[in-house]
Amino acid sequence: MTANFAYGASKAFVRIDRLTKRFGDVAAVDNVSLDITKGEIFALLGSSGCGKSTLLRMLAGFETPSEGNISLEGVSVINMPPHQRPMNMMFQSYALFPHLTVTENIAFGLKRDGMPKAQINARVEEMLNMVQLKRYAKRKPHQLSGGQQQRVALARCLAKQPKLLLLDEPLGALDRKLREQTQFELVNIIKAVGVTCVLVTHDQEEAMTMADRIAVMSEGSFIQVGRPHEIYETPSSRFVADFIGKVNLFDGVLVVDEPDHCEIDTPQGRFFVGHGITGTIGMSLSVALRPEKIGLQAEAPEDISSNAFRGTVVDSGYYGSFSVYRVDLAGGQRIQVAITHTERHDELYRRGEEVWVTCRSDALVVLIN
Amino acid sequence: MSTATSLVDRLVDRWGRLMVIGTPYIFLILVFSIPFFVVLKISVSTSNDGIRFEDLSTFNDWVFSFTASFQKYRFLFTDDLYLNTYGSSLKFATINTLCCLFIGYPFAYFMARSPVSIRPVLLMLVSLPFWTSYLLRVYAWKGLLDDSGTINSLLLSFGLIDEPIKMMYTAFSLSVGMVYTYLPFMILPLYANLVKMDGRLIEAANDLGASPFRAFWLVTVPLSKNGIIAGSMLVFIPSVGEYVIPELLGGPETLMIGRVLWDEFFSNNDWSMASAVAVTMVFLILFPLALFNKYQTDGVGRGSV
Ligand SMILES: Nc1ncnc2c1ncn2[C@@H]1O[C@H](COP(=O)(O)OP(=O)(O)OP(=O)(O)O)[C@@H](O)[C@H]1O
Ligand SMILES: [Mg+2]
């Protein structure tokens, strides 16, 4: 797959051009092109081993690309060693220097630039205030909690005012609760500083909440690049739909194809989709439907010719703000339905109850396999 | 019945734990403390022939008397021979330690950075010399360094020199033999330390603008401090008291404390003097080092190694 997600030349701050990295005969990153605009937070999202870290390490200069080019503000950095690149990376497990204090860790990069001492002190102070670690300035890394270490690592990267900030699984080492809190803090700091940022994660929620744009990666290639809501609402492939959030997928064949709508016959019944596609009648494709975009009702709707299916409730799970029902459709497929609780109530539908499953035509997305 | 079992359990529990904790202590007491106190006692005992000693404490007619003689110590600190020999021992041990460090560090670094698959081979090569007697290996240097030895013969036959270079029985031959013998003791602890080093720390240093060379000085070297200390101790301490190598390769100007000890014991038959020399060596050299070692290793952060 050689999709090109590049913008026009004028907007590119970072340009990745047909970049490939092979280890032996395996391509960890395979012919990837991408433009990143200034000030953007860009997430590389994908499952383990898809090449996210390799791509990030090529940006930082730790891996030499087999082919392709990387340029920053129009200047190729491909032959620059890591210590000369105006980018800083926050490592997956932070890689703080264990023999140096928090202050010395943050000052490390500044000293390498030959900054005057007074200026270094002022800058370190500023950084410590930003990440709220002033009280811990004299501690060694092993005397800090995971969250504090993460903030030191961030301060150490940002101290040098890099043109590009690289984050490898920035929240990977934190526990769940701290993660959610830190997520927003991190974005606030990055946005306040205004630095362009590429972050790597395998957590789709993290990518969705933090990033301005996301690249979904698989086996070294980009499958889809877009804003979080684009990727969620209009996934371009079965892989993306499946990877991002929960989804019900219905396989079927195209029976009506108009510019403003199309209809698809599946074993569960007929779907009326509110957007046109470019396809031929009779071709097989699938329809994606998110659990939270499905309605349940006890009585049959007025129009049952499409987007309405009979089913039986199998079981349900209560999640506080919403409940998830599993429903067996008359056509045999089991689907998930998420119903938000707008008022306080118990189970709406009981196990074994007959229900009607409905959805709006604009909630459906057609995926060409 | 149940109380009996629990009593047995408690005894086993208690004594078992004591034995596990106690064994190394018993070992240390048996092989270190007791001999040391015997030597200490001899050093302050008086004797006519140097070998049979009077008791330090007597208990006669209800009178308890305790006599210790510090005469040997006084002599030791007034005679130049002993102080000069201590100085020379320290000098050669220091030279040896520094040479081992400068040769051993790059070696250990190279080993730790080699592919995992060839590391066992390299480790084997470092410990290979231990398979031959140390005495033979030291003696073999004589064949190389002698006036009519391999090196001089080669140089002569190539016409590079007109007469043999005097290498044997000098400070040079002594140092070569010492460095050669003690090098593995420097390399192994350094290797053990360097091989555990997190490569990402070096990358982080590079990323923050340190060239590979500076990253080495600012990160690798400080983080291998414990390995440097351990290796230096392993080399320094035994080299201070080294006897065999100076005996085989050293000359008249390379007198070391081991030689003096030997002479006092076997030539002068003055066991008290020999013991005083040994005890002074322990107090003057080894205890400060042990303290330094403890202080240094405590001071390093838990996370570092
Ligand atoms: N130094 C290397 N030598 C050989 N193969 C490598 C090397 N580094 C990475 N790979 C391979 O390249 C592929 C991508 O690795 P990469 O570390 O980029 O994955 P990732 O997306 O970061 O995964 P994770 O989420 O587990 O960190 C993997 O198949 C990996 O085995
Ligand atoms: Mg990774």
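Let's start with helices α8 and α9 of chain B, residues 199-207 and 212-223, which pack at an angle of about 140° with their axes 9 Å apart. Helices here are DSSP runs of H or I, at least four residues, numbered from the N terminus; axes are lines fitted to C-alpha atoms over the stretch in contact, with angles from 0 to 180 degrees between N-to-C directions. The pair α8(B) and α9(B) is therefore oblique, the class left over once angles under 35 degrees count as roughly parallel, over 145 as roughly antiparallel and 65 to 115 as roughly perpendicular.

Who makes that contact (heavy atoms within 4.5 Å)? From α8(B) we have B:Leu201, B:Ile202, B:Ala205 and B:Asn206, and from α9(B) B:Pro212, B:Ala215, B:Val219, B:Thr220 and B:Leu223.

A quick word on the model: it is predicted, so local features need pLDDT of at least 70 and side-chain atom pairs 80 or more, while totals for chains, interfaces and linings use all residues. Residues are numbered from 1 along each chain as its sequence is written, chains are lettered from A and ligands numbered from 1 in the order written, and side-chain values use heavy atoms, without hydrogens and water.

Now, the interface. Chains A and B each bring 21 residues to the contact, and they bury about 2000 Å² between them, 62% of it on carbon and sulfur atoms. That area is the accessible area (1.4 Å probe) lost on putting the two parts together, summed over both.

How values were computed
Helices (H or I, at least four residues) and strands (E, at least two) are DSSP runs, numbered from the N terminus. Contact means heavy atoms within 4.5 Å.
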